[in-house]
Amino acid sequence: PTVTPMKIYTAMDENIQSGIDKFQRREIDWLDQGADTHLQVGSAVIHNQTGEIIGVVGGYDYNGRLIHNRALDSYNQPGSVIKPVLDYALAFEYLGWATSHVLVDEPWVYPGTDFLVGNYDGRYWGEVTIMDAVADSRNIPALKSLQEVINTIGRSGVVEYMNQIGFSKVNEENFDLGYALGGSSFLASPIELAGAYTTLMNGGNYTKPHTITRIEFSDGREPLVPQYSSIPVLSDSAAYLASRTMKYA
């Protein structure tokens with residue numbers, strides 16, 4: 001084996017990461033939940049157009065050594081944050097809906113069960129636009145939207161889309177309607193979730209999140225500049241409408 005010294009350049013934004021480091025060291029009082037809560041956090045800041053990871057929150061007291069990086073390695077249910085990028089983006093794409101499309105927030109039984117789905121406030125609002133449904137994170141409109149999408153493009157079509165925007169643990173065996181609310185067996189990392197959202201902000205194109213921008217070798221070889229492809233997964237209009245739904249959230 002041979003060893004060649006090299007310089008590896010990453011996309012890290014020093015200003016952003018230095019602020020993140022202060023947060024991780026609990027130096028920002030109003031963002032410190034307190035060690036006695038045992039609460040942890042992982043997050044990623046990604047450049048929408050390039051997919052470059054410019055900042056990473058590994059967790060409280062994270063010191064950057066060989067320990068658990070929660071931004072990359074923690075997989076949890078994403079919850080309602082998934083609604084715009086999954087339920088409504090696909091409804092705009094395949095059902096031709098608008099942000100003003102009206103859905104009925106009403107008592108609704110989860111298909112194949114006797115489980116009555118509710119909302120966080122224990123109430124049903126009746127007719128709501130998609131804009132209002134997202135703004136107040138209503139559950140039944142989100143479920144109805146994804147069900148209509150499944151009826152149109154099938155489970156396989158939804159799973160294919162979710163894989164295309166980076167959700168590595170989603171497949172046809174574990175997918176069900178509960179994914180509309182970011183629940184059931186749906187697991188995602190913060191980096192996967194942030195990467196998926198870049199699709200909405202980049203005209204419907206997805207670029208896999210990445211860190212390395214250039215590698216230079218000391219032996220005179222040409223530098224290696226990785227090329228990261230951008231994959232179209234949504235139309236411009238569907239991506240734009242989905243991004244607009246978050247205006248009042």
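Helix H3 (residues 84-94) packs against helix H6 (residues 190-201) at an angle of about 30°, and their axes lie 11 Å apart. This is a predicted model. Angles under 35 degrees count as roughly parallel, so H3 and H6 are roughly parallel to each other. The crossing of the two helices, H3 and H6, is left-handed.

**The H3-H6 contact**

- From H3, the residues that take part are Pro84, Val85 and Ala89.
- On the H6 side, they meet Ala196, Tyr197 and Leu200.
- By class, the contact of H3 with H6 has six nonpolar residues.

**Asp136, between H4 and H5**

- Asp136 sits in the loop between helix H4 (130-135) and helix H5 (139-164).
- Its side chain makes a polar contact with the side chain of Tyr120, at 2.9 Å.
- The Asp136 side chain also makes a polar contact with the side chain of Arg138, at 2.8 Å.
- Setting aside neighbours within four places in sequence, Asp136 is in contact with Tyr120 and Trp125.

**Asp236, in H7**

- Asp236 belongs to helix H7, which covers residues 236-244.
- Relative accessibility for Asp236 is 56%. Exposed means over 50%, so Asp236 counts as exposed.
- Asp236 and Asn202 are 34 residues apart along the chain. Their C-alpha atoms are separated by 8.3 Å.

**The protein as a whole**

- The protein has seven helices and 10 strands.
- Its C-alpha atoms fill a box of roughly 65 × 45 × 35 Å, taken along the principal axes.
- The protein has 249 residues, and buried residues make up 41% of them.
- Take the contacts between residues at least 6 apart in sequence: 69% of these join residues at least 24 apart.

Technical notes. Residues are numbered from 1 along each chain as its sequence is written. This is a predicted model: local features need pLDDT of at least 70, side-chain atom pairs count only at pLDDT 80 or more; totals for chains, interfaces and linings use all residues. Side-chain values use heavy atoms; hydrogens and water are left out. Axes are lines fitted to C-alpha atoms, for helices over the stretch in contact, and angles run from 0 to 180 degrees between N-to-C directions. Helices (H or I, at least four residues) and strands (E, at least two) are DSSP runs, numbered from the N terminus. Angles under 35 degrees count as roughly parallel, over 145 as roughly antiparallel, 65 to 115 as roughly perpendicular and the rest as oblique. A crossing is left-handed if the near helix is turned anticlockwise from the far one by less than a right angle, and right-handed if clockwise. Contact means heavy atoms within 4.5 Å. Ala, Val, Leu, Ile, Met, Phe, Trp, Tyr, Cys and Pro count as nonpolar, Asp, Glu, Lys and Arg as charged, and the others, Gly among them, as polar. A polar contact is a pair of N or O atoms within 3.5 Å; within protein, one must be able to donate a hydrogen and the other to accept it, and residues adjacent in sequence count only if both atoms are side-chain atoms. Buried means under 20% relative accessible area, exposed over 50%, partly exposed in between (1.4 Å probe, protein chains only).
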